[in-house]
Number of protein chains: 2
Amino acid sequence: MIPGLLTTAIQPDQRPNVVLFIVDDLGWQDLSIPLHTEPTEFNKRYQTPHLAELAKNSMIYTRAYSASPVCTPTRTSIMTGKNPARTHISYWTLQGDTSANDPKTKPPAWQMEGLLPKDGPFLPQILSDYGYKTIHVGKAHFGAIGKYAADPKAIGFQVNIAGHAAGGPGSFYGTHNFSTSLRQGKPSEPSVWDIPGLEEFHGKDIYLTEALTQKACDVIRESKGDGKPFFMNFAPYAVHAPIMANKRYLSKYAGLDQREAAYATMIESYDAAIGDLVSTLQATGEYDNTVFIFTSDNGGLSVHSRAGKDDRNAPLRGGKGSIYDGGIRIPLIVHRPGKPAGRTDNRVVSMDLFPSILGYAGINSVDSVDGRRIEVEGDRPLLFHMPHFWGVNAPGIEPFTSLIWGRYKLTYTHRDLGYQLYDLQSDIGEQKNIIGSASRDLKIKMIGAMSRELQRMNAQMPISKETGEPIPMPRTQWSSN
Amino acid sequence: MIPGLLTTAIQPDQRPNVVLFIVDDLGWQDLSIPLHTEPTEFNKRYQTPHLAELAKNSMIYTRAYSASPVCTPTRTSIMTGKNPARTHISYWTLQGDTSANDPKTKPPAWQMEGLLPKDGPFLPQILSDYGYKTIHVGKAHFGAIGKYAADPKAIGFQVNIAGHAAGGPGSFYGTHNFSTSLRQGKPSEPSVWDIPGLEEFHGKDIYLTEALTQKACDVIRESKGDGKPFFMNFAPYAVHAPIMANKRYLSKYAGLDQREAAYATMIESYDAAIGDLVSTLQATGEYDNTVFIFTSDNGGLSVHSRAGKDDRNAPLRGGKGSIYDGGIRIPLIVHRPGKPAGRTDNRVVSMDLFPSILGYAGINSVDSVDGRRIEVEGDRPLLFHMPHFWGVNAPGIEPFTSLIWGRYKLTYTHRDLGYQLYDLQSDIGEQKNIIGSASRDLKIKMIGAMSRELQRMNAQMPISKETGEPIPMPRTQWSSN
């Protein structure tokens, strides 16, 4: 029906491969490379030498954000270039409404199926159309069980290794067949969390990240003769819960609390995967023609499943699922052969990867619906919107909207219709709420921008349990009549 | 329910008055001041000396656009700062669906009531909240008959002179009581087009523009003692059809076709109104504290009701209701006492007036949902979307979407799913469609941006009569699978 306007065949000769290495729940501090002004306790604790080697010739983004403090919204934002506030995939998916019961609010009628055809075009679909081999490895979590995007092939991945609807693994151990039942020591019965398609490793002493890496390296080697570039979305399930040690590395972290030591081995496991992938790319001669992107899908776990107070992302406050930067600030390191390396504080967000990756592939998309290329500088308001309760009772874990613009971060909490304003430049830990002392102009600017962005995206507000009506949009005095 | 966050009383002492003088259906050439590179035949024909005097100390915008090629969408875009593609007020309102019957498409379920509370906050409402006296004079056309915004007071005007649901006058003559029935020489019976509230002028030899001006000047004088600034939306119904001469000026245009001569007197009448308003502002001592904005709500009439071929906006092609720049390019002249004057080719659009006027009033809104201050430079994609047929059978009058970005204009015609691409820099008259020869990158850039803007705004596409399905969004090859 549409004339085939742009059917020009594209010569893949000069197109680079792209590896998007997206660790799950990896916090801003969960690597040995310092992203803050000085190395922190965590940077010193965690051992990621292969990443550090890669980063030497990479651009290190010190102010990268995930689109959401939970996973499906961020992952789907990368696949679409759209803010979760717009797609209404505003929470993590599995089956029905996964939102926790909040004392004050009910979630809106969000898109709990995950990605649907209307949300396209999808990143792997476009790359596939343009001659790329598109490979998914590991955690997918793009669509709910039995729904359109449960299988990553629905959105354009030609190869799928171990990806399905669930966002966490039953177990990280091959000896558990990566299943919940064997981890829990019960008779084997199927669980939605059991990893599909890795039967060759069942019963073996292998960590899930290692099994996925072996499969990924196999595909890279096999692809050598294809005569086309590849896009690989490598998502190692780790360092998502359950926190389970990779025993190969455990002795190195003997001084730590047992759970924190296990966490450190999960980190070292992803680093080993980077090492293996890089070696394979070098062995196949593809390394100098491969863009390698290292990132996460949301901030690190803090009080939930971790030892310590609410400080696992320090100097940031809070963690996954929360209103604070600990929930949304993430590492981003991009290795582009022959391109400038260094550090940048240009503020970028997950959906920026959509136009950026298309740009690396030579597909001139300029920008996406809500993202722009990460190389583009200049400030813009960034909106984070989660009208859901993540279920952990800890400070800052509640339904909210945040807007970051310039040095400031405004948060609107849906339970109490309250505002918090932080100066991230002088107060990265969000300790001092300055909403009471801020100038009228600053408040109008920030609240006005939040309201505009929500309207632009046709965002859904949660429902007040008290009134049965949607929580009001944030508004300034002049917009309240 | 919302905490009164920004209730700080605002001192009105330094706030300027704002007059928004918005002529109806005034084309880009319908003034004596040249907006193209050289004075045109039309600039020489039309006599607007008072506007020329004002313009000496004004900023003249040579590349201003209306949000739509018809009136209600543009007028409501100014009141909201939102693109008609977003509000779904995508056509002119009166009663029910006013769209003409198109051979190929049906209109979408557009917002035929006009403005509704959800579309707020409204410009006059905000200004009123901040201590302005808000005055509407003349054509309103913000809401359909009997609906929310039929009376301009609903959206925050404190004073309403002669504004209601209809977008055109029954007659321009006081001797006709400004009514349809007397114009048509029939026994008097009410019509929706009859102008309300000007009974004091009934039976008198006065032109509608003159009556409105007298009333506006009265309000300006009365407001002198109020101790508050005013915002006046002055919309003289003219130069909208019916084309009726102001006989006071007719002898000057004796050499012209009768209809064109009448049109010229309508133009001279608005110019006289500017002269009277300026004199009154000077007499009351308010002139040096008044921002005076002169503009239109869409391009000028061309084949419809005018003498001549489709050339009434030359060098532009087409006119009101059409896909061409003749339908959307409009004059914009802004007089700000004490501010720099001159000419600028910064491309601006009607909804930019929302944040601009708030800015003049010292209300720091920065930008609106779809507009930005007209002083801000830098290119951006501008979307024009009218999924309706205006009913006149002339080239380019059909349902369409256009996007202007950089030097290019892309138009997507909904009947045939066809694309037209023009280089406005070298081809202001849109004579040479270059879609066939444009580079793949340019086509992807323009079609991609159009698709993104439509998605961002949650725009409605018309329905194909053949398939019963919505017309597909514009798309490039990569987005078609």
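In what order do the four strands of the open sheet in chain A run? The order is β11-β12-β13-β14, and the pairing is antiparallel. Here strands (E, at least two residues) and helices (H or I, at least four residues) are DSSP runs, numbered from the N terminus, and two strands pair if DSSP finds at least two bridges between them. The structure is a predicted model, in which local features need pLDDT of at least 70 and side-chain atom pairs count only at pLDDT 80 or more, while totals for chains, interfaces and linings use all residues. Residues are numbered from 1 along each chain as its sequence is written, chains are lettered from A and ligands numbered from 1 in the order in which they are written, and side-chain values use heavy atoms, with hydrogens and water left out.

To stay with the sheet of chain A, β11 and β14 (418-423) are its edge strands, each pairing on one side only. From one strand to the next, the twist averages 15°; such angles run from 0 to 180 degrees between N-to-C directions, and the axes are lines fitted to C-alpha atoms, for helices over the stretch in contact. Strand β13 (residues 408-413) of chain A is joined to β14(A) by six bridges, and these two strands run antiparallel. Within β14(A), A:L421 is the residue that stands opposite A:L410. Helix α10(A) lies across β11, β12 (400-405), β13 and β14 of chain A, at about 120° to β12(A). Contact, here and below, means heavy atoms within 4.5 Å.

Chain B also has an open sheet of four strands, with antiparallel pairing in the order β11-β12-β13-β14. Its edge strands, β11 (382-386) and β14 (418-423) of chain B, each pair on one side only. Neighbouring strands of this sheet are turned by 15° against each other on average, direction ignored. Between strand β12 (residues 400-405) and strand β13 (residues 408-413) of chain B, which run antiparallel, there are six bridges. B:F400 has B:T413 as its bridge partner in β13(B). Across β11, β12, β13 and β14 of chain B lies helix α10 (residues 440-456), running at about 120° to β12(B).

The next topic is the domains. Chain A is assigned domain 1 (5-378) and domain 2 (384-464), with bounds that come from an automatic or database domain assignment. The centres of these two domains of chain A, taken over C-alpha atoms, are separated by 26 Å. In chain A, 44 residues of domain 1 are in contact with 41 residues of domain 2.

Grid points are joined across faces, edges and corners, and a volume is the space filled by probe spheres set on the points. The largest pocket holds about 1,200 Å³ of space. It is lined by 41 residues, and A:D367, A:R380, A:R456, B:E453 and B:R456 are the closest to its centre. The elements giving two or more residues to this lining are β11 (382-386) and α10 (440-456) of chain A, together with β11 and α10 of chain B. The lining of the largest pocket comprises 17 nonpolar, six polar and 18 charged residues; Ala, Val, Leu, Ile, Met, Phe, Trp, Tyr, Cys and Pro count as nonpolar, Asp, Glu, Lys and Arg as charged, and the others, Gly among them, as polar.

Four cavities of 30 Å³ or more are found in the whole structure, and the largest cavity has a volume of about 70 Å³. Among its 14 lining residues, B:S302, B:V303, B:G319, B:K320 and B:I397 lie nearest its centre. The largest cavity lies between domain 1 (5-378) and domain 2 (384-464) of chain B, because both give residues to its lining.

Finally, the backbone deserves a look. A cis peptide bond, with omega of about 5°, joins A:A238 and A:V239, and A:V239 sits in the loop between β6 (230-235) and α8 (258-283) of chain A.

How values were computed. On a 1 Å grid over the protein atoms alone, a cavity is a set of points where a 1.4 Å probe fits but cannot get out, and a pocket is an open set with protein on both sides within 12 Å along at least five of seven lines; lining residues have an atom within 4 Å of a point.
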